[in-house]
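Morning, everyone. Let me put one model on the screen and walk you through it.

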Amino acid sequence: MTTGSALQTLALAPDLIITRMGYGAMQLTGPGVLGPPEDRDQAVAVLREAVRLGLTHIDTSDFYGPAVVNELIREALHPYPDDLHIVTKVGGRRDDRGGWIPSHDRAALRAQVHDNLRHLGLETLDVVNLRTPTQDGTSDDDVAEWFGTLAEMRDEGLIRHLGLSGVTAGQLTAAQAVAPVVTLQNLYNLTNRADDALVDRCAAENIAYAAFFPLGGFTPLQSQTLSDVAERVGASGQQVALAWLLQRSPTMVLIPGTSSPAHLRENVAAAGLTLPPDAIAALDAMAG
Ligand SMILES: NC(=O)c1ccc[n+]([C@@H]2O[C@H](COP(=O)([O-])OP(=O)(O)OC[C@H]3O[C@@H](n4cnc5c(N)ncnc54)[C@H](OP(=O)(O)O)[C@@H]3O)[C@@H](O)[C@H]2O)c1
């Protein structure tokens with residue numbers, strides 16, 4: 001495995017420099033992203049280990065648990081190191097059975113921002129992503145209106161920077177007409193590349209493209225090609241999947257999730273893995 005040691009960073013604003021390798025905290029709950037984790041001490045240990053390893057970028061939301069993940073982050077890491085950037089998202093709530101319910105009216109968005117502030121123990125949130133509903137008739141104008149509520153809260157000093165999640169190119173353009181977008185978080189990995197054009201646009205506009213489900217999420221990535229490349233370069237399949245993403249675009253940032261300290265260390269080590277051109281070509285050809 002060809003490795004380098006330093007974690008690369010990406011500057012999105014003078015006060016927002018993040019490691020391209022981050023940590024996604026969603027899975028630090030009970031099953032179904034609901035309730036407390038089975039092993040609370042291990043969840044706290046994973047968060048502390050992420051910071052100890054040098055990651056300065058943690059992705060969360062108050063609807064993970066709900067509130068469980070944010071409260072764990074606070075317990076594990078507050079008072080936060082100056083260089084740590086916690087990226088959260090709003091635009092949804094959970095119902096009694098754990099369903100994910102879109103929630104975007106002005107009062108709801110404002111309440112969600114305040115919930116994040118309270119549960120994380122912060123006076124200002126570094127980055128808030130507006131998460132839009134998937135698979136419905138959300139228009140560009142809807143996104144602009146909802147984004148406007150967050151822009152208002154940015155002007156009030158409650159949020160420093162804004163981002164988007166689950167959006168199309170048109171919705172990105174609509175939001176940019178309201179306020180600057182520093183990050184966009186969509187589904188993208190070795191086998192899901194519907195967003196190729198958006199990945200390239202984010203690179204051209206210095207927007208961090210945060211790939212969610214970088215390891216396939218609830219359906220782990222599996223392929224013979226991936227296993228073959230992993231064996232050839234002396235790394236795990238997960239490390240190869242992450243390294244491929246980092247080499248895909250200079251503004252790609254990663255938020256792999258894990259509840260295991262060992263997996264966390266393995267994933268962070270992938271930031272130092274440089275895949276040779278023949279490995280990249282084989283992985284590029286995996287797109288379905
Ligand atoms: N914006 C959105 O709508 C949205 C949607 C989904 C997720 N997200 C964000 O994206 C982040 C990443 O998503 P995710 O955690 O669901 O998916 P993921 O990172 O693609 O995969 C996580 C899964 O991979 C396993 N894993 C992690 N590292 C591993 C390793 N080195 N070896 C073997 N297995 C490994 C984890 O299990 P172990 O715990 O056993 O390691 C977990 O089951 C979330 O934390 C969340 O912050 C955002």
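I'll take the ligand, then a helix pair, then some backbone details.

This is a predicted model, where local features need pLDDT of at least 70, side-chain atom pairs count only at pLDDT 80 or more, and totals for chains, interfaces and linings use all residues. Residues are numbered from 1 along each chain as its sequence is written, and side-chain values use heavy atoms, with hydrogens and water left out.

Ligand first. Around the ligand there are 25 residues, each with a heavy atom within 4 Å of it. Coming nearest are Asp59, Ser165, Leu215, Thr258 and His263. Now the polar contacts (pairs of N or O atoms within 3.5 Å). A backbone N or O atom of Gly257 sits 2.8 Å from a ligand oxygen atom. For Ser259, again a backbone N or O atom, the distance to a ligand oxygen atom is 2.9 Å. Asn267 brings a polar side-chain atom to 2.8 Å from a ligand nitrogen atom.

Next, the helices, which are DSSP runs of H or I, at least four residues, numbered from the N terminus. Thr225, Leu226, Val229 and Arg232 in helix 7 meet Asp278, Ala279, Ala282 and Leu283 in helix 10, contact meaning heavy atoms within 4.5 Å.

Last, the backbone. Most residues other than glycine have a negative phi, and most peptide bonds are trans. Which bond is cis, with omega near 0°? The one from His78 to Pro79. Gly65 and Pro66 are also joined by a cis peptide bond, with omega about -20°. Asn206 has a positive phi, near 50°.

Definitions and conventions. Helices (H or I, at least four residues) and strands (E, at least two) are DSSP runs, numbered from the N terminus. A polar contact is a pair of N or O atoms within 3.5 Å; within protein, one must be able to donate a hydrogen and the other to accept it, and residues adjacent in sequence count only if both atoms are side-chain atoms.
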